[in-house]
Amino acid sequence: MGVGKTTVGQVLAERLGTTFRDTDTDIVTVAGKEISEIFIDEGEPHFRELERQAVRTAVAEHPGVLALGGGAVLDEGTRALLSGRPVVFLEMGVAAAVKRTGLDAPRPLLAVNPRQRWRELMEQRRPLYTEVARAVVSTEDRTPEDVADAVLDVLELKNA
């Protein structure tokens, strides 16, 4: 959360001459409401099902750069779908995460004790991120352009 997936993804797509798609945006479009509202109105399990469907659809239909929501890897089927693909885990520490996401941002999973909850989520998710990722790139103290350069380097797409 707050790592810059959308911004970096847009920069990467531009540099690669392709399109960008964000599954969180797809979910909002399909549901007709913001993610925070989905969590409140229908709960996290419903959101996760929408997320699974959005990822499956996007992977099947979209040939460009794809940004997935932070919890997408919780689903075993999603992790299997990502296997062998050029997935990059964008990471940062808790201090940077809190600074970027803010304590009042509409992030339902960080509503209570954001620092502690962020740490718990990362402890749970980090092994799943690294399971599917071909590479890990830190976003701390880097511009989106610098992160995009690092992603292109680790995926050996610098001259693409």
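This is a predicted model: local features need pLDDT of at least 70, side-chain atom pairs count only at pLDDT 80 or more; totals for chains, interfaces and linings use all residues.
I started at Lys 33, whose side chain makes a polar contact of 3.0 Å with that of Asp 41 (a polar contact being a pair of N or O atoms within 3.5 Å; within protein, one must be able to donate a hydrogen and the other to accept it, and residues adjacent in sequence count only if both atoms are side-chain atoms). Residues are numbered from 1 along each chain as its sequence is written, and side-chain values use heavy atoms, with hydrogens and water left out.

**Entry: Lys 33**

I placed Lys 33 in the loop between α2 (23–31) and α3 (35–41); helices are DSSP runs of H or I with at least four residues, strands are runs of E with at least two, and both are numbered from the N terminus. I found another polar contact from the Lys 33 side chain, to the side chain of Glu 42 at 3.0 Å. Leaving out residues up to four places away in sequence, I have Lys 33 touching Val 28, Ile 38, Asp 41 and Glu 42 (contact: heavy atoms within 4.5 Å). The Lys 33 and Asp 41 side chains also meet in a salt bridge, 3.0 Å from N to O (a side-chain nitrogen of Lys or Arg within 4 Å of a carboxyl oxygen of Asp or Glu).

**Entry: salt bridges elsewhere**

I get twelve salt bridges by this rule. One of them joins Arg 21 to Glu 61, with the closest N and O atoms 3.5 Å apart. Arg 21 sits in strand β1 (residues 20–22) and Glu 61 in helix α4 (residues 44–61), so this pair ties together parts that are 40 residues apart in sequence. Arg 21 is buried at 19% relative accessibility, whereas Glu 61 is exposed at 56% (buried is under 20% relative accessible area, exposed over 50%, partly exposed in between, with a 1.4 Å probe and protein chains only).

I then followed a salt-bridge network that links Glu 49, Arg 52, Arg 56 and Asp 75. Within it, Glu 49 bridges to Arg 56, the closest N and O atoms being 3.9 Å apart. Glu 49 is partly exposed at 28%, and Arg 56 is partly exposed at 43%.

**Entry: β3 and β4**

I looked up strand β3 (residues 88–91), which pairs with β4 in the parallel sense over four bridges (pairing needs at least two DSSP bridges between the strands). Phe 89 stands opposite Val 136 in β4. On β4 (residues 135–138), Ala 135 and Val 137 make up the covered face, Val 136 and Ser 138 the uncovered one. In a regular strand, side chains alternate between the two faces of the sheet.
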